Amino acid sequence: MPQTSLTITTRGQGLYEFTAQAKAFIKASARDEGLLTVFVRHTSCSLLIQENADPDVQRDLKTFFARLVPPSSDPSMAWVVHTMEGPDDMPAHIKSALTQVSIGIPVSGGKLVLGTWQGIYLFEHRNQPHERQIVLHLSA
């Protein structure tokens, strides 16, 4: 089982941890070494490896990105052309471009080589709930 897909249901903007699902996939693969590639199949959300101990980190990241790229209804975003899908759509694409849609995590001893406080997150950039597809692929 070198590949699987996850569906993450979001409730709007924020970080959604799925480290446990990735660990379960590695365990089920029964491989000791390799590289886990995590890929999200969307253009208005992204992936992060981030601290999972203090929820203030997630709140601060969400606030930072909201200040960096406000909704297209904000006067500072008057230059935005793509607005058909709402004031959060183009800013979501920009946030996704500034982060990443694919990450690689080493696997050693049958476990993800993550730091003590690191977790794997889907970073939802849209206001409305979405069903997000993530592909996990373990290569030897």
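Colleague: What stands opposite threonine 37 in β8?

Modeller: Histidine 137 does. Bear in mind that this is a predicted model.

Colleague: And what makes β3 and β8 a pair?

Modeller: Two strands pair if DSSP finds at least two bridges between them. Strands β3 and β8 (residues 131-139) are joined by 6 bridges, running antiparallel, so by the cut-off of at least two they count as paired.

Colleague: How do you know that β3 pairs with β5?

Modeller: By that bridge count again: β3 and β5 (residues 102-108) have 6 bridges in the antiparallel sense. Here threonine 37 stands opposite glycine 104.

Colleague: Which face of β3 is Thr37 on, covered or uncovered?

Modeller: The uncovered one, along with Leu35 and Phe39. Gly34, Leu36, Val38 and Val40 make up the covered face of this strand, residues 34-40.

Colleague: Why are β2 and β4 called edge strands?

Modeller: The open sheet has 3 strands in the order β2-β7-β4, with antiparallel pairing. β2 (14-17) and β4 (45-51) each pair on one side only, which is what makes them the edges. From one strand to the next, the twist averages 35 degrees.

Colleague: What makes β4 and β7 a pair?

Modeller: They share 7 bridges in the antiparallel sense, and the cut-off is at least two, so the pairing stands. Glutamate 51 sits opposite glutamine 118 of β7 there.

Colleague: What makes Phe64, Leu68 and Leu98 a nonpolar patch?

Modeller: Nonpolar side chains are joined within 5 Å, given over 30% relative accessible area, so residues that qualify group together. These three make a surface patch of about 300 Å², and Leu98 belongs to helix α3 (residues 89-98).

Technical notes:
Residues are numbered from 1 along each chain as its sequence is written. This is a predicted model: local features need pLDDT of at least 70, side-chain atom pairs count only at pLDDT 80 or more; totals for chains, interfaces and linings use all residues. Side-chain values use heavy atoms; hydrogens and water are left out. Buried means under 20% relative accessible area, exposed over 50%, partly exposed in between (1.4 Å probe, protein chains only). Helices (H or I, at least four residues) and strands (E, at least two) are DSSP runs, numbered from the N terminus. Patches are made of residues with over 30% relative accessible area and no salt bridge: like charges are joined within 9 Å, nonpolar side chains (Val, Leu, Ile, Met, Phe, Trp, Tyr) within 5 Å. Accessible areas come from the Shrake-Rupley method with a 1.4 Å probe; for residues, only the protein chains shown count as cover. A salt bridge is a side-chain nitrogen of Lys or Arg within 4 Å of a carboxyl oxygen of Asp or Glu. Axes are lines fitted to C-alpha atoms, for helices over the stretch in contact, and angles run from 0 to 180 degrees between N-to-C directions.
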